[in-house]
Amino acid sequence: MKDQHLVTLDVNGREYEVVLESRRTLADVLRQDLGLTGTHLGCEHGICGACTVLLDGEPVRSCLVFGVQADGRSVRTVEGLADGDELSDLQQAFSRCHGLQCGFCTPGFLMLAEAYLDTEPAGDPEEVRDVVSANLCRCTGYQGIVEAVTEVAAARRKQRDG
Amino acid sequence: MLRGAGVFVDDIAQPHACHVAFVRSPVAAGRITAIHTAAAKTAAGVRAVVTADDIGRPALTAVLERDEFVPTAMPLLAHDKVRYAGEPIVAVVADSRYLAEDAAELVACEIEETAPVLSLADHDAGVPPIHDEAPDGVLVDLQMFADGELAEALADAPLVLDETFRSGRVAAAPLEGRACLAQWQDRDDQLVVHLSTQVPHQVRTGIAAALGLAERQVRVVAPDVGGGFGLKCVVGREEVVAAAIARRLRLPVRWSEDRQENLMGACHGHEQEYRVRAGFAADGTLLGVDADIRCNIGAYSVYPFSCAVEPLMAATELPGVYKVGRYAARGRGIATNKPPTAPYRGVSRPQLVFVMERLMDKAANRLGIDRLEIRRRNTIRREEFPYQGPNGISYELGSYLEAMERCATEIEQAGWWERRKSDDGLLRGIGIANFSERTAYGTATMGMRKMQMTPGFDVSHVRMDASGDVTVTTGTCGHGQGHETTFAQVVADRLGVDPARVKLRQGDTDLASFGWGTWGSRSLVIGGGAAAVAAGRLADQLREIAGELLEADAADVELLDGHAQVRGVPDSRIGIDTLASTVHFRSHTLTHDEQLLEARGAANPPGMFSNATHAALVEVDPGTGDTKVVDYLVVEDCGVVINPMIVDGQVRGGVAQGIAAALYEEMTYSPDGQPLTGTFMDYLMPTASEIPPIAVHHLVTPCELTETGAKGMGEGGTIGAPAAVVAAVNDALRDYGAEIDSIPVRPADVLCVLRESA
Ligand code: FES
Ligand code: FES
């Protein structure tokens, strides 16, 4: 087969080398080649955000990015959020606020929110609602998601301001 | 889930699995004259190209044992006719989905296009039939209630409303589409199918029947399921095709639909039209309702529920919380060249509640009665329960009026009426909707439908291992409803152990002996009820053994905090884990002949009624026609609340889906039957920006018919929201004399009625 590329990826701090066809999406690379199935595919056309991962810290739809475009870059997926057994503050908040039901959209929302929280936002509920409206959830009616992200924004702000 | 460690079908590693891509009909109606597969067969990575003839033309046929029902077969792959755009014709099996899709493009189907029947209007115009068996296009026609005195009651009524209400076709659109992974296992002489489904046992039956296998030879496992909402409680033809191929090729085969397939090719729901005549007395009392209900059920009757689900539900349950006086209703399922409809969340009740609430508001306006007052005059009151409706239903105790009064108080206190008055150019309106939702239909109730297979009961096994941990099996099959949590609560409560020690196993036909899956707000009530019964029996066993060890009468032993102790004697206690290990490892020390700690329970309640009142506050922009729901409030009563967080979550998620159906979502088609809403770009699933915060308040009327006192509540949110939202829109438009009687209400519809009334 022609059209194969050797690609190096840093995923959640670990280095991977994969041989890819150019049309292979980053989502498929993560899920199928690296076995990181936490990243989900809900539409494969860039609307639902279930496949959101961080590429060099920026949230991207991994169904719209080709694997080869991630060559030499760092990718963060939902599998990289928890510290061993310890869930991250954001993951805990999702659980506490009932921010998930079937859980299919959850990884995408977590990564979207993680990127947002990294910007050290004020995190008022209106802004949070606006930000999370980038992704779709069919189960929750969004309230738990908005509450979880708002809570974490407040907690992190408090920690920062010490 | 939070770690990305959930296992959905598509996450199951199976390195040598082939992938299926379907070649689907490009037209809505036509005759297949030739299928050319040669080029695809030799394409890279292709293992097989399969047509209906290759797999022996199997079909799924749903049957209702009623004269008014015409059974029609849904072939797994179309072979003579195509009946909707997106119908699968050929399955291409290749080493990857990429290669399967490449090869699918090389398949050519020759189809002689014919004129499609898309709408009820097309049907009325007499376009040729879709199924030869049903020359008039009517697959089911149910005159549910005839009433000789109805005509007279309407003729004499001071106010008669003669109205038509419509609702658009919507897609359940779970975020995880349908998916399966099928493999034949020689060792067990079994086809193992991992599938994203709500009803594993029914899928097993469907696959076994279609492929000529014994039930034992099919094992269906539902791992994590990313939402179902009814779509996944019917057996999908594509999944059975994948199973057939796996059996034939003796290869693991997977199919995961993409969003386009899900929107175009999977089942839809709720495309309905209600022609209703309703008579009211001058004081607003409803004197009689005559309804003619037609459902556009698409091209096929789905298996196993059939196409009668929507018309039957609509015609039977239209009255809802109201005393309708005299009542007659006819429900019909009309075949069209669109995808079949499945029982989508709420099944006709979002529509029938919308219809009844519109009637109430219209009559209130015409008679000059307050909107709440007219409802007070017609709602079934507490002292009238058990209420026997003219629709043959007996309603058990509910809090219909109490919920409305509480809702009225809450919105008053939340300042909605003040907000409605604010004068900034936007039109504001408040809508209220009352409803009851029959949930957890047991065998007796489902039996009246006359399905060939009658769902209803469920069973559960509870067993305690040697360390005192408890495993519960159920035939219900959750997909985000939090069964793991609520079942554990119910069982732990009976056994006096920490819920963390109770693990639920669900979604596996080899684990649970049988079950009817998760739909119709049945899981916690029936499945959880069965688990509670089983846990109660296990608790009896524990008490017996503890009685022996503590030298007390079993009846005096209580189970709490992980211990068994003699009532009132706290220092006479023994750990439940000690009891468990004694039974397993040291049974020689007991005279009791208990060898294992396990019990079975069953539940089969008749079906009960949860109720709620929903209220919506909307803002309509008269310039753009855009409507936004800005506040939302629910007062609901689902009996004993086992877990408030989960109940609230279900309500909120349901409301979001209801708001979606009221304002945003509709599957639309071009005049020749091409789907125009094949992506999330065109099919407008609401985001967090469109869904307001939703306040949920609870009333608790314990249910005497269920083990836990709980009533089902999974669908209620979806049921109340369209009615409440449209009532609010109409309230906002009231000064203009404009009215909207169909959903979804799009900006263009608002502008249109505003222009007409100007
Ligand atoms: S799967 Fe990538 S945005 Fe939906
Ligand atoms: S939790 Fe199911 S899609 Fe969001």
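The model is predicted. To see one of these bridges, select D10(B) and R31(A); their closest N and O atoms are 3.2 Å apart.

Now colour chain B by secondary structure. On the side that touches chain A, helix 2 (97-104) and helix 17 (644-664) of chain B each supply at least two residues. Helix 17 of chain B gives the most to that side, with nine residues. By residue class, the side of chain B that touches chain A divides into 27 nonpolar, twelve polar and nine charged.

Next, show the whole contact. Chain B contributes 48 residues and chain A contributes 48 residues. Between them the two chains bury about 3,800 Å², with 58% of it on carbon and sulfur atoms. Pick out L2(B), R3(B) and Y98(B): these supply 22% of the area that chain B buries against chain A, more than any other three residues.

Stay with chain A and go to L81(A). This residue sits in the loop between strand 5 (74-76) and helix 2 (89-96) of chain A. Is L81(A) buried or exposed? L81(A) counts as buried because its relative accessibility is 8%, under the 20% limit. Leaving out residues up to four places away in sequence, L81(A) touches R76(A), S88(A), Q91(A), L110(A), M111(A) and E114(A). For a distance check, draw a line from L81(A) to T8(A): the C-alpha atoms are 21 Å apart, and the residues are 73 apart in sequence.

Move to chain B and centre on K323(B), in the loop between helix 8 (309-317) and strand 19 (326-335). Its side chain makes a polar contact of 3.0 Å with the side chain of E384(B). Beyond four places in sequence, the residues that K323(B) touches are L286(B), N378(B), T379(B), I380(B), E384(B) and Y387(B).

Side chains of opposite charge can pair when their charged atoms come close. Over all chains, the structure has 69 salt bridges.

Select E149(B) and R326(B), a bridge with its closest N and O atoms 3.4 Å apart. This pair links distant parts of the chain, 177 residues apart: E149(B) is in the loop between strand 9 (138-145) and helix 4 (150-156) of chain B, and R326(B) is in strand 19 of chain B. E149(B) counts as partly exposed at 47% relative accessibility, and R326(B) counts as partly exposed at 31%.

Next, select R187(B) and D188(B), where the closest N and O atoms of the salt bridge are 3.9 Å apart. R187(B) is exposed at 77% relative accessibility, while D188(B) is partly exposed at 35%.

Then take E271(B) and K338(B), a salt bridge at 3.0 Å between the closest N and O atoms. E271(B) lies in the loop between strand 16 (268-269) and strand 17 (272-280) of chain B, and K338(B) lies in the loop between strand 19 and helix 9 (349-367), so the pair ties together parts 67 residues apart in sequence. Both E271(B) and K338(B) are buried.

Finish with a group selection: R24(B), R97(B), E101(B), R178(B), E238(B), E239(B), E257(B), D258(B) and E261(B) are linked in a network of salt bridges.

Conventions: Residues are numbered from 1 along each chain as its sequence is written. Chains are lettered from A and ligands numbered from 1 in the order in which they are written. This is a predicted model: local features need pLDDT of at least 70, side-chain atom pairs count only at pLDDT 80 or more; totals for chains, interfaces and linings use all residues. Side-chain values use heavy atoms; hydrogens and water are left out. Contact means heavy atoms within 4.5 Å. Buried area is the accessible area (1.4 Å probe) that two parts lose on being put together, summed over both. A salt bridge is a side-chain nitrogen of Lys or Arg within 4 Å of a carboxyl oxygen of Asp or Glu. Helices (H or I, at least four residues) and strands (E, at least two) are DSSP runs, numbered from the N terminus. Ala, Val, Leu, Ile, Met, Phe, Trp, Tyr, Cys and Pro count as nonpolar, Asp, Glu, Lys and Arg as charged, and the others, Gly among them, as polar. Buried means under 20% relative accessible area, exposed over 50%, partly exposed in between (1.4 Å probe, protein chains only). A polar contact is a pair of N or O atoms within 3.5 Å; within protein, one must be able to donate a hydrogen and the other to accept it, and residues adjacent in sequence count only if both atoms are side-chain atoms.
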